[in-house]
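I opened this entry to record what I looked up, beginning with the whole chain and moving on to the domains and the ligand.

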Amino acid sequence: MNFDFIVVGAGIAGASAAAELADGYRVALIERESRPGYHTTGRSAAVYLKSYGNAVIKAMTAASEAFYHNPDKGFSEVPLLHPRGMIMIARQDQLHRVEEELTPVLPFVADARRLDGDEIRAFVPQLRKDYVAGGFLDPQAEDMDVDAILQGFLRRFRKRGGQLLTDSELTGLEAEDDGWRMTTRGGELVAPVVINAAGAWADEVAKLAGLDPLGLIPKRRTAFIVDPPKDTGCAGWPVIADIDEQFYFRPESGGLFCSPADETPSPPCDAQPEELDVAIAADRIMKALDIEIRHIRRSWAGLRTFAPDKTPIVGFDPRARGFFWLAGQGGYGIQTAPAMAALSAALASGTSQTRIAGDIVEAMNPQRLIDSR
Ligand SMILES: Cc1cc2nc3c(=O)[nH]c(=O)nc-3n(C[C@H](O)[C@H](O)[C@H](O)COP(=O)(O)OP(=O)(O)OC[C@H]3O[C@@H](n4cnc5c(N)ncnc54)[C@H](O)[C@@H]3O)c2cc1C
């Protein structure tokens, strides 16, 4: 089968980029699993945070905001974002970190503000008085409906004539005069351009094309849900995060979503939670919050995959014609997806203008990692 673009990986990155490209091109989206979003995309904390990540992430998150607040007609029946708020908390010995963290946030979240311990406890009275000394509030943090977002992109992709091929692991990638011949479990596909949106496996896909990997590091992050503190509703709480990213928690489905914010390097795999990481998170959270964590309702883990400089990789690989990277989204792949997809479609097709500033686009160019190896 012949296409203009073949996108490898139907997580949020591949699905959103494929949907953009399908507007005018013949696009196949191939996925190894039987359903899109099975890996990292289906396992996130689902928080839209303009105050999170480095300057490139903040720029791409801000550039995605208009779409998330006001998606095109027919994209979704339900709102994609819901107000939540987030408070970074600090103990007495961490208080010096508050200004450090707050300052770079202000250009993106003008109403972010410092809070003292009592002000924080007005939001979450169960936070321990002898633990929380201060912090800051990001009032613009929002919950994302990740399933609605992913399904919206997939619906748009199909509507534009794109072909989603599940149970179709890419196993071979051969350069030919006019593009790539790809072997999948479902058959052979040919296209001049392949978009590598394989998440934790993106370096493996590069190897199939005969390219040296770029040094992506998948890092496991654990999450679990527990009952809320006894006799309290927690549905209205903001996200509460330790200022040194040692834990965070937020309301979810009538319970409390918790994470130790772990970043354990892992080979690409179907990540599973470790009991020790769950216990570490429970212990840290019980020190900060008046809660007895006895029963874990559900736990899971996913791989957040980073480039060595923690900046995503977006652009053509200068070593192989028609090989395009869309990888290394780390812990920010959902909140940046609309802008990443639009930029990838513009760069890969070479036809349209991008709204993203030149220095941000350049910071994501794969060339930087090839030069530094
Ligand atoms: C606990 C946790 C919390 C997070 N919280 C947030 C958050 O609050 N906000 C946020 O924005 N982000 C968050 N993230 C990060 C976010 O989930 C990721 O950045 C994003 O999902 C990455 O999407 P992806 O499409 O690149 O990867 P994936 O969703 O992993 O998709 C890659 C796909 O490629 C497929 N694939 C791989 N190799 C092949 C092959 N050879 N052939 C065919 N298919 C292949 C895989 O099967 C997979 O489906 C979190 C992640 C975790 C784990």
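My notes follow in the order in which I looked things up.

I kept in mind that this is a predicted model, in which local features need pLDDT of at least 70, side-chain atom pairs count only at pLDDT 80 or more, and totals for chains, interfaces and linings use all residues. Residues are numbered from 1 along each chain as its sequence is written.

Overall form: I found 10 helices and 21 strands in the protein, taken as DSSP runs (H or I of at least four residues for helices, E of at least two for strands) numbered from the N terminus. I noted that 50% of the 373 residues count as buried, that is, with 20 or more other C-beta atoms, placed from the backbone, within 10 Å of their own.

Domains: I read from the domain assignment, which is automatic or from a database, that domain 1 covers 5-67 + 145-215 + 309-371 and domain 2 covers 86-139 + 217-306. The contact between them takes 20 residues from domain 1 and 19 residues from domain 2, where contact means C-beta atoms, placed from the backbone, within 7 Å. The centres of the two domains, over C-alpha atoms, are 29 Å apart.

Ligand: I counted as near any residue whose C-beta atom, placed from the backbone, lies within 6 Å, and 40 residues surround the ligand, the closest being Gly-9, Gly-11, Gly-199, Gly-302 and Gly-333. Both domain 1 and domain 2 supply at least three residues to this shell, while α1 gives the most, with 3 residues.

Key. Contact = placed C-beta atoms within 7 Å. Buried ≥ 20, exposed ≤ 12 C-beta atoms within 10 Å, placed from the backbone.
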